[in-house]
There are 2 protein chains.
Amino acid sequence: MVTKQFTGSPQDADLTRADSLAREIFSDVANKWALLIIEALGDGTLRFSELRGEIEGISHKMLTQNLRMLERNGLVERTVHPTVPPRVEYTLTEPGRGLRATVDAMCDWTHRYLGDIEDSRRRFDA
Amino acid sequence: MVTKQFTGSPQDADLTRADSLAREIFSDVANKWALLIIEALGDGTLRFSELRGEIEGISHKMLTQNLRMLERNGLVERTVHPTVPPRVEYTLTEPGRGLRATVDAMCDWTHRYLGDIEDSRRRFDA
DNA sequence: CTGGATCCACAACGATACTG
DNA sequence: CAGTATCGTTGTGGATCCAG
């Protein structure tokens, strides 16, 4: 569970610390762009510009920002080739690939229920 | 894949429409509060106020807003008991439970790599 | 090519007050 | 209790410019 940060009881300070960390990670990761980056990387290696091309609608800023965040959390590895012009490649780490599995599941889910959701929306909007 | 919205080729208009719908749903669902609500509901039934209590830090507004969105997409069912004071209960639908499975996986992942991520952060911040 | 920094418009959000 | 509406603030995100 990542819904709770604090239990209230004073003695489980470690538990609440772990929970609040879990929530923090969850908040980092549970956002549109981060998950799309993970998904786009798959088990390949992509350059910054390639990622931009893969992910429809992501801006320069959002891409760098989220890549930094993912790198900080150890989900993507960033390798810089000291050439000119510079060539920077991104690839998922082991933890990153673990997360990717869950994102894949989410994408499958999306496509599986596409029709149902579309119907539900139409009904709701009426 | 939900990373691409448009292919460029004119004849697969249906495919791009499906893709853009997938992206739209993905954007709705891939956000912190929505996923936390799904997770909190689990396979139970919770009232509005109970949800507020379960999800640390969510505001009244964010809760209603996201519940409407989830209801619109047919992921949660909202049943109003016409009593006074009113009693409104929320529960996951079948599609909602499907999504919940992936959120569960994401929570598991979070706890699994908690330590690694914490370490990676410390290294990065130095 | 990659990425940091700055500026700014606009959306998100929290707080509050009000209704059924 | 649940939900809507409004308002003011914060923060997100896009555009642009500059640097390595």
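In this predicted model, a phosphate oxygen of DNA strand C lies 2.7 Å from an N or O atom in the side chain of Ser49(A), and a polar side-chain atom of Arg78(A) is placed 2.4 Å from a phosphate oxygen of DNA strand C. For Lys61(B), a polar side-chain atom is found 2.6 Å from a base oxygen of DNA strand C. The elements that contribute two or more residues to the surface near DNA strand C are helix H3 (48-54), helix H4 (60-72) and strand E3 (87-92) of chain A, together with helix H4 (60-72) of chain B, where helices (H or I, at least four residues) and strands (E, at least two) are DSSP runs numbered from the N terminus. Of these elements, H4(A) gives the most, with four residues.

Around DNA strand C there are 16 residues, of which Ser49(A), His60(A), Arg78(A), Ser59(B) and Lys61(B) come nearest; a residue is near a strand if one of its heavy atoms lies within 4 Å of it. Sugar and phosphate make up 66% of the atoms of DNA strand C that come within 4 Å of the protein. The residues of this surface comprise seven nonpolar, four polar and five charged, with Ala, Val, Leu, Ile, Met, Phe, Trp, Tyr, Cys and Pro counted as nonpolar, Asp, Glu, Lys and Arg as charged, and the others, Gly among them, as polar.

Between the two protein chains, the contact (heavy atoms within 4.5 Å) takes 55 residues from chain A and 55 residues from chain B. Chain A and chain B bury about 5400 Å² between them, 64% of it on carbon and sulfur atoms, buried area being the accessible area (1.4 Å probe) that two parts lose on being put together, summed over both. Arg72(A), Trp109(A) and Arg121(A) supply 14% of the area that chain A buries against chain B, more than any other three residues.

Eight salt bridges are counted between chain A and chain B, each defined as a side-chain nitrogen of Lys or Arg within 4 Å of a carboxyl oxygen of Asp or Glu. The side chains of Arg17(B) and Glu118(A) meet in a salt bridge, at 3.2 Å from N to O. On the side of chain A that touches chain B, H5(A) gives the most, with twelve residues.

Residues are numbered from 1 along each chain as its sequence is written, and chains are lettered from A and ligands numbered from 1 in the order in which they are written. Local features need pLDDT of at least 70 and side-chain atom pairs count only at pLDDT 80 or more, while totals for chains, interfaces and linings use all residues, and side-chain values use heavy atoms, with hydrogens and water left out.

Key:
A polar contact is a pair of N or O atoms within 3.5 Å; within protein, one must be able to donate a hydrogen and the other to accept it, and residues adjacent in sequence count only if both atoms are side-chain atoms.
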